[in-house]
Structure formats: structure tokens, C-alpha cells
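Colleague: I am new to this structure. Please take me through one part of it closely, then show me how other parts are put together.

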Amino acid sequence: MNEAIAARAQISLVSQESRYLFRLGGDEDVETAMTENLDPREGSLTTRPTAADRARALLDPARCRGLVPHDAGYLQTAGIEIPATRGFGQQLMRTRFYAGVYQLGRPIGLRVASALQAPGRDEDRARTARSLRLRPGHTVLDIACGPGNFTGTYGHAVGRDGLAIGLDASHPMLRRAVADNPGPAVAYLSGDAENLPFRDGVADAVSCLAALYLINEPFRAIEEMARVLVPGGRIVLLTSLAPGGRRDRPHVMVMERLSTMRMFGRDEITDFLRALGFDEIEQVTAGLAQTVTATKR
């Protein structure tokens, strides 16, 4: 680096698990996070962008002003307001208490909802990764990721040249995700599923698992997931299913009011995906749960 360039560089090192943040001056203030790479197959010391740095590169400036590091290890989206909660279910999801018991409660809840047909944790994650057709080098978004159980698995599937981003509105959940499911190809963001901060067509795969029924505008969220997918990209949605597959029945409306969770009709999601231009649409139902997979044309 010559003296002119060196004079313009303002370098501040922030050590965090062998990661360093370099702030470069110039016409534009650019943050580039680099991490040491001591892999002997690549020769002597080199530098490699971190997952957080690569997540920044996917942002749409019109939708998000940037990402601000949080003390807990995840990134906060700047310029995006998290929607207010509308019911008890959403409020519970954003509490530290629920984030702490989620790991125990989720498998039990899924088994009850799916009439005891849901697979175990490891099988569930592996099956979802297969449905997304993840390969090394892929970029995958896990929307409403919770404590990152699936995000971490995706990170292993896409390898160090890939990227798995978990996005959630709950700060307690993101704290758990960073603590429980980190990885060199994994980044976590606070954000709004209805207004994703990413550019169009940045992801090879998107999932939203056991959360769509708590999002204020679920079909707006699906539109956003479709927007950020590349043509040929895969989507997996695990959500609720109204008893009998019909949402317009009185007892289903009562269930929605009491639970503050939306119960989707049998054809609502599949028809919506088809209208958005998806094909290879498959739906698996079990009890009060449905899993929908599809490919964007």
C-alpha cells in the first residue's frame, strides 16, 4: 500500500474470534470485515470476507441503510422498523422466556400439530436442507429463523464458500441463535419478514418454518421471499393448516382468535405461489400442519 492510500485508510481493529473490522476512508465510507485464513492448501496467510461482510453485500440500499453490529453478535438492520406485535403469540415469541424454552417446546408442538407424524430434530433439519436442494456455494435465507437451528444446518450444507443468513424480529431469539448455532458461513440479522432488506434475486433458497402464521401480513412475506429468490430457487414453508382445510368455518375463526395465529386453508399458500410464478409445488399435510415446497420459474 503506498503512502497516499495509507494516509486515507483509517484502520480500527475489533477482535472477535479472530475476526477484524477494517474501516476504510475515501469518497465513500466502506466497511470490509476480513478474517484470517490459515488453510495450508491456500498457501500462506490470506484474507477472506466474513459471513457478516458477505451479508452486507446483499443489501438493497433502497430498502436498508446498512447493518449495525449488535453486542450479542448479530447484525441490526438500519432504516427498517420492526412491526409491532398484534397478539399474544407474537409477544411471546419476542420474550427471553420463550427463547429459552423454545428448544424443548418446538419438537413437542410440531408433533402435536402434525398428529405425531413430525420427524425428530436431526431428521427434520436434514430433510428441509434436501428440499431446498442446497449445495456448496449457495446462498440461503432462513426467514423468522428463531434460535437458528435450521440456519446452522444450512451453513454446514453450503460450506464456507456459501452463505446462510438467519433473519428474525426477536432479539432474544437472535441472541440464542448466535450462541447456539454459529458458523463461518452463518450470519444473523434482525429484520422484518414483510420488508426484507436484500436486493432482488440474491438467494438460491429461502425457508420460513413454523412462523408464517404469526407474521402480520403473511402473503406479503411470501412475496418478499419470492422477490429475493433467483429463477430456479427453492422455497420451503412449514406452517399451520385449518382443520378440514377450510379457514372460513366458525370453529376455525374461534381458534384463530384464541391462539392469535392464522390457520391457513388447504389451497391458500399453494395457489398463491402458483400465481407468483412457482412450479414444482408440493404440499404435505399432517394434522394441523402443512409443508409446502416449490421452485421459482
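Modeller: Start with Tyr74, in the loop between β4 (66-69) and β5 (75-78). Helices and strands here are DSSP runs, H or I of at least four residues for helices and E of at least two for strands, numbered from the N terminus. This is a predicted model: local features need pLDDT of at least 70, side-chain atom pairs count only at pLDDT 80 or more, and totals for chains, interfaces and linings use all residues. Residues are numbered from 1 along each chain as its sequence is written, and side-chain values use heavy atoms, with hydrogens and water left out.

Is Tyr74 buried or exposed? Tyr74 has a relative accessible area of 1%, so it is buried. Buried means under 20% relative accessible area, exposed over 50%, and partly exposed in between (1.4 Å probe, protein chains only).

What does Tyr74 touch? Set aside its neighbours within four places in sequence. Tyr74 is then in contact with Val68, Pro69, His171, Leu174, Arg175, Val178, Tyr188 and Ser190. Contact means heavy atoms within 4.5 Å. Arg175 lies 101 residues from Tyr74 along the chain, yet their C-alpha atoms are separated by 7.4 Å. The side chains of Tyr74 and His171 make a polar contact (2.6 Å). A polar contact is a pair of N or O atoms within 3.5 Å; within protein, one must be able to donate a hydrogen and the other to accept it, and residues adjacent in sequence count only if both atoms are side-chain atoms.

At the start of α7, a side-chain oxygen of Ser170 comes to within 3.2 Å of the backbone nitrogen of Met173.

Next, helix pairs. Two packed helices are described by the angle between their axes and the distance between the axes. Axes are lines fitted to C-alpha atoms, for helices over the stretch in contact, and angles run from 0 to 180 degrees between N-to-C directions.

Helix α5 (residues 121-131) packs on helix α6 (residues 149-158) at about 55 degrees, with axes 10 Å apart. That makes α5 oblique to α6. Angles under 35 degrees count as roughly parallel, over 145 as roughly antiparallel, 65 to 115 as roughly perpendicular and the rest as oblique. In this pair, Asp124, Arg125, Thr128 and Ala129 of α5 meet Asn149, Phe150, Thr153 and Tyr154 of α6.

Helix α8 (residues 218-228) and helix α10 (residues 268-275) pack at about 40 degrees, with axes 11 Å apart. The two are therefore oblique to each other. Phe219, Ile222 and Glu223 in α8 meet Glu268, Phe272 and Leu273 in α10.

Most residues other than glycine have a negative phi. Ala144 is not a glycine, but its phi is positive, about 60 degrees. Ala144 sits in the loop between β6 (139-143) and α6, and at 22% relative accessibility it counts as partly exposed. Glu280 also is not a glycine and has a positive phi, of about 50 degrees. Glu280 is in strand β11 (residues 278-286), and is partly exposed at 40% relative accessibility.

Last, the whole protein. It has 10 helices and 12 strands. Buried residues make up 48% of its 297 residues.
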